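I opened a notebook for this structure and went through it one topic at a time. Here are my entries, in the order I made them.

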Amino acid sequence: ELGTNQGDLIGSGRDRTPNALVQVAVIDPREQYLVSQACTEIVEGSRDPLFLTGVTFPPEYPASPETLVKLTVYDVRDKARDNVSKPLSSSFLGSATFSVSDLLRSKDDQLTLNLRSSDGVLAVGTVLVSRVNMGEMEEGDMDHITADVQQAQKVRTCVCVCECESLFKNPVCKVYKFQTVDSKWMLVREQMEECTLSFSIPRQLLHLYIQEDMRRIQELRDLGELSPHWDNLRKEVIGRYGQVIAAYQETLAELNKITGPSFKPSCSKAQRYLEFIPINLHTQRMRVTCPRQTDAFYDVITVGAPAAHFQGFKGGGLQRLLSRHEAEKKSTAYQCIYYSPEHTAKAQEVLHSVGHLQPLISGLADQLLQAAQQHSMAGLREALKTLAGKTEQFVHALKDELVKSALLALHAAQPGQIPPQNPGHSPGQEDGHAPLKCQDSIPCHKEYDEEEWDRVWADVAKSLNCVIAMVDKLQEQEPINNNQEQPIPKQVLADVITSHNPEGDWREQLCPLVVRLKECVVEVVVRARRAMTFVLLQEAACSIPQGLFLKQRRDVVFSQALAALACGFVMRLYAGMEDKGFLRQLHLVGLVAQFESLLSTYSEEIGMLEDMEVGISDLHRVAFKITQAKTDDPCDLQPVVIGRRDHYTVEVPLPRLAFQTLPHEIKEGKALQVYPVLFNVGINEQQTIADRFGDISLQERINQRNFEILDSYYKSLSDKVPSECLPCFQTQTDLKDLLGTLGQNVVTKKRKNVEILWLAGTICRRLNGIRFTSCKSAKDRTSMSVTLEQCALLRDEHQLNKDYFIRALDCMRREGCRIENVQKNIKCRKYAFNMLQLMAFPKIYRPPEGTYGKVDS
Ligand SMILES: O=P(O)(O)O[C@H]1[C@H](O)[C@@H](O)[C@H](O)[C@H](O)[C@@H]1OP(=O)(O)O
């Protein structure tokens, strides 16, 4: 039944041409067993099939020159039934085997092999194998491939080598070659990887959440004695915090036991101990080698919607739950004082500022005294300048009505007689400064002195003025010579001090004033800390238990979102290390992080989208910093998260040499901003229901709101960064026009308007941003979208021949990285769509026949 070795491939039925497919397996020379490595797409009805899908071997693949590669050619009869890893409904046509060394030694990196029948006797056709190194293809090579193709009598496949980076693991690579409009061949490689940040960011965040909550408990205890009503509320709040801490510690302990792959598969999305881990987080890079063009690559991060699956979506997601909770809090806050979310945020900010500034001021005051001791006027001036700046900042941070009103409220919450303060816990002592005496407690007398607070913080400014005046006086007393900081012989100096400084040395004169300043600062800190802690106690007390559940939910969702963002940021940074324009943009303005979501606004997915909206928006509280790694060891390249819930910084270490090449602003640790934006368009059958009978206002509101953020980012970028910093694309449409079209689309009533997603994605790439694609589990709909985006880029940026567009799309969906993603998640190579669902999809999002269906159990 088979053809001869003339090169004509004959199908298993004499009456029709074959639908050929090549399976590639590797024979391990030591173990002598076959490992299926890859499979080509099916080329229908051709005796001269030309395969667009290749085979890749990542660098860590244990291949040696003796490794044998076996190619088996099948004729596929029923594409719909067929599972390419087990071609049950296919007929064997022939096979051929070669060793890696045969290919490496071959002339022109090509091997022509005879296909043999199962008994190994009959030669039934030929197969041509080409070896290709991506990125090293000279024009000649491309022509060479084209020439081969024109022979068109052979089965071809190509081999390529992949690269790998330390934070990114388990690469899956696929290669293809597609025809361009001018009948040349472009080589395309997809590479998908896991990211170790999937686990390391949530682990670090859990540590930080625990630390922050422990600090809150301590601050509540430091409030001192309260009347029974408030004391009971405090006990309850501390108890609840304790429960959250215990739960987080348990989760952390479980996470620390986990080894294995660096991603959470879709089926584990609702597992309790994995709730902080993003779902199915992967990076995907498409690299394109085209004749007469430098290589280009396009990155996207794929991740399941950050959402609290373990907690479920019965009452909706964060966005709805939070606003409902806020409304309820107002009406049920009878047992405590209602503070708005802005007040709560302000209280946290004040607590943070005082905690941060007090030790700074104290250190600077010591530096001032040291400069006085050394009799250095320049040192004095320098220390005074910074001290004055920080003290002003401190006074400014506290100049808020909230502190004043909270002090009054706290006073009212205290029992008639204030017992002495817990001596073990004066904030002054905590920071290593002199303990306060009687002023460190809130006034004990019944009538509250409303002006006292104003006096206390005004004292800080006054005592700073005294220090400044003294330094001025000392300067006036100084001889000109010393002002210029010329070295003065010791004896002369002694004479100067005694003759011009009759009141003793500088330190002695400054010391009482500096001590007074420090005392005033401590006094303010103690009061402000208690006042703000009291505000937070109200907030926590009013919202128990719901508020704490929501806080936990927000922690979970944020953790998933941050892991994805950090992965995207690192990938974007590595890719842009040599792009001066990009680095400039990075430190001058920051980067857009654009999330595309395909969730439907119906049933449970509404809740996911409501979670995701808050999670993505919370990312604006994150900044990045680049640091120099201690060593080049991969462990030292792990990003580190620092901060607290209202602001986190992710420090990204780079190897010394790479770090040295950065602009000095970045090297100096400038905080690098990100601007998260989210666009959602539901595409499945659930969205059809939502569009017809449901409510799509959530999606409309998200898209409109995020369009505004994107638009204002573009405006500030245009103000600060020259347009040359942005990347060049073949598609020349002006960014302003693209934004204008997006702006129109987000207000137009059009069902399943996926154009919104395409435009937002294009704008993000044009803005040098970080691209994310998401759906519930980032497995099925995400795969359709990512492959579509890749083929659209090949069409718009690399002149993909239009006859190859659907073939390329089908190849990627059938054999590309995304079907491997499905396999990794559910151990089955089928997208989880049924016919009904697919009918509802926009056509271009439908996968090829045979690649979807019910998951085999
Ligand atoms: O990756 P997704 O598109 O979120 O996977 C969905 C799929 O779209 C849908 O058709 C199917 O019924 C499942 O709900 C998939 O979600 P899983 O989270 O179960 O993979």
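I looked up E519 and found it partly exposed, with a relative accessible area of 30%. The model is predicted, so I read this as a computed value. Next I asked what E519 forms a salt bridge with. The partner is R516, and the closest N and O atoms are 3.8 Å apart. R516 also counts as partly exposed, at 34% relative accessibility.

**Entry: a salt bridge between two helices**
Then I turned to R553 and D611, whose side chains meet in a salt bridge at 2.9 Å, N to O. This pair links distant parts of the chain, since R553 is in helix α14 and D611 in helix α16, 58 residues apart. Are the two buried or exposed? R553 counts as buried at 4% relative accessibility, and D611 is buried with a relative accessible area of 0%. Under 20% is the cut-off I applied here.

**Entry: other salt bridges**
I noted that the structure holds 40 salt bridges. One of them joins D780 to K779, with the closest N and O atoms 2.6 Å apart. D780 and K779 are both buried. I also found a network of salt bridges that links E212, D213, K551, D555 and R645.

**Entry: aromatic rings**
How many aromatic pairs does a search of the whole structure find? I wrote down 14. One of them is Y209 with F276, a tilted pair at 6.3 Å centre to centre with 45 degrees between the planes. Y209 lies in helix α3 and F276 in the loop between α4 and β11, so this pair ties together parts that are 67 residues apart in sequence. Both of these residues are buried. Y209 and F276 also belong to one aromatic cluster with Y248.

F833 and F841 are both buried.

**Entry: charges over rings**
I checked two rings with a charged residue over the face. R285 lies over F297, at 4.2 Å from the ring centre. K824 lies over F263, at 4.8 Å from the ring centre.

**Entry: the largest pocket**
My notes give the largest pocket a volume of about 1100 Å³. It is lined by 35 residues, and the closest to its centre are L322, P341, Q348, E539 and R554. Which helix brings the largest share of the lining? It is α14, with 7 residues. Among the other helices that each supply at least two residues are α3, α13 and α16. By class, I listed 12 nonpolar, 9 polar and 14 charged residues in this lining.

**Entry: the second largest pocket**
The second largest pocket has a volume of about 910 Å³. Of its 31 lining residues, A296, F297, R572, D579 and P727 lie nearest the centre. Two or more residues each come from β12, α14, β18 and α23. I counted its lining by class as 15 nonpolar, 8 polar and 8 charged.

Technical notes:
Residues numbered from 1 in each chain as written. Predicted model: local features only at pLDDT ≥ 70, side-chain atom pairs only at ≥ 80, totals over all residues. Heavy atoms only, no water. 1 Å grid on protein atoms, 1.4 Å probe; cavity = no way out; pocket = protein on both sides within 12 Å on 5 of 7 lines; lining within 4 Å. Points joined across faces, edges and corners; volume = space filled by probe spheres on them. Helix = DSSP H or I, 4+ residues; strand = E, 2+ residues; numbered from the N terminus. Nonpolar A, V, L, I, M, F, W, Y, C, P; charged D, E, K, R; others polar. Phe/Tyr/Trp six-rings, centres within 6.5 Å; stacked < 30°, edge-to-face > 60°. Buried < 20%, exposed > 50% of the residue type's maximum accessible area, 1.4 Å probe, protein only. Lys NZ or Arg CZ within 6 Å of the ring centre and 35° of its normal. Salt bridge = Lys/Arg side-chain N within 4 Å of Asp/Glu carboxyl O.
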